[in-house]
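Here's a quick look at how a few parts of one model sit against each other. Have the viewer open while you read.

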Amino acid sequence: MRIIILSVSDQIYSTNRLLVEAENRGHNVRVVNHTQCSILIGRGKRQIIYQGKNIINDADAIIPRIGSSVFKHGAAIVKEFEMNGVFSIASSLGIARAQNKVRTLQIMNRKNIPIPKTIFSICAETVEEQIEALGGAPVIIKLQEGTQGLGVILADSKKSAKSIMDTFYNMNASILMQEFVKESNGEDLRIIVAGNKIISAMKRIGIEGDFRSNIHRGGTAEIVTLTNKEKKIAVKAAKYLSLGLCGIDLIRSKRGALLIEANSTPGIQGIEAYTKVNVALEIIKYIESNV
Ligand SMILES: Nc1ncnc2c1ncn2[C@@H]1O[C@H](COP(=O)(O)OP(=O)(O)OP(=O)(O)O)[C@@H](O)[C@H]1O
Ligand SMILES: [Mg+2]
């Protein structure tokens with residue numbers, strides 16, 4: 001198979017792992033920097049131009065590894081490949097949906113996937129009634145677009161929630177507010193889904209005293225055994241978002257697992273290290289069974 005990995009560099013751990021495993025399986029693999037690709041449309045043949053050549057017919061499958069800062073252009077490149085009949089492990093639609101937490105949670109809620117109680121608004125004047133609608137403080141305030149734990153704040157009181165919200169509104173930042181699920185205890189589950197299968201799962205554990213479990217914030221992780229319900233939630237969520245391959249994040253609450261976000265470009269380094277599963281190889285096998 002001819003596989004193109006859309007990534008800014010082959011030196012990135014996850015990109016490199018995918019490259020190595022795909023080559024080991026005998027595939028013809030190339031890393032293409034999507035930020036240096038141009039799309040040419042209108043009058044004549046569509047083209048994806050990279051390093052002076054049209055690469056639109058050069059792949060049987062693509063692996064998008066698109067960072068959130070360039071996701072719009074990245075999703076457009078993926079879309080162009082898709083329309084040319086190329087298999088992508090993440091659809092352009094799925095990439096756009098997962099990029100935004102509100103959009104993800106709206107779809108999940110519509111499909112009866114359990115989520116934390118969430119409210120979003122752009123109105124600074126109604127902050128108090130928003131907090132009340134959520135059930136009062138403490139509340140979690142999040143930026144709508146991903147931040148590796150940096151855009152997530154716990155507000156203990158209505159007063160502090162209000163001042164934080166005022167600040168964000170003032171900065172024109174898109175935010176959402178959520179019930180604080182205290183019993184999740186600074187832990188979450190990262191589940192890697194491929195099609196209707198779960199490749200690997202870990203429990204991420206935040207540093208002492210932090211409600212956030214992000215490894216980027218100093219947390220650790222361990223292998224976890226998922227309940228059947230959790231497995232079902234993860235596989236269904238991936239399907240509803242139109243993501244073949246993705247990372248689904250759940251927190252465990254008194255009323256069962258709740259989905260907090262989905263990632264269309266899940267990191268491979270942490271999960272391979274903590275679970276000893278060859279996630280990169282499983283991704284390549286998933287492509288093989290679909291092309
Ligand atoms: N409603 C909540 N109640 C309790 N803890 C939460 C809640 N939402 C998030 N957390 C904790 O905070 C962490 C970070 O939140 P979240 O995953 O939503 O944002 P993020 O990691 O910054 O986003 P991204 O992964 O897109 O960069 C979660 O992993 C979880 O441990
Ligand atoms: Mg997260």
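At what angle do the axes of helix α5 and helix α6 cross? They cross at roughly 125 degrees and come within 10 Å, with axes being lines fitted to C-alpha atoms over the stretch in contact and angles running from 0 to 180 degrees between N-to-C directions. This is a predicted model, where local features need pLDDT of at least 70, side-chain atom pairs count only at pLDDT 80 or more, and totals for chains, interfaces and linings use all residues. Residues are numbered from 1 along each chain as its sequence is written, while chains are lettered from A and ligands numbered from 1 in the order in which they are written.

Helices here are DSSP runs (H or I, at least four residues), numbered from the N terminus. The α5/α6 pair is therefore oblique, a label for whatever isn't under 35 degrees (roughly parallel), over 145 (roughly antiparallel) or 65 to 115 (roughly perpendicular). The crossing of α5 and α6 is right-handed, i.e. the near helix is turned clockwise from the far one by less than a right angle.

Who touches whom (C-beta atoms, placed from the backbone, within 7 Å):

| Helix | Residue range | Contact residues |
|---|---|---|
| α5 | residues 127-134 | V127, E128, I131 |
| α6 | residues 158-170 | K158, A161, K162, M165, D166 |

By class, that contact has 4 nonpolar, no polar and 4 charged residues.

Zooming out, the domain assignment (automatic or from a database) gives domain 1 (2-89), domain 2 (98-114 + 183-288) and domain 3 (118-180). The centres of domain 2 and domain 3, taken over C-alpha atoms, are 23 Å apart. Each of these two domains puts 10 residues into their contact. On the domain 2 side, helix α4 (residues 101-110) gives the most, with 3 residues.

Note on methods: Helix = DSSP H or I, 4+ residues; strand = E, 2+ residues; numbered from the N terminus. Nonpolar A, V, L, I, M, F, W, Y, C, P; charged D, E, K, R; others polar.
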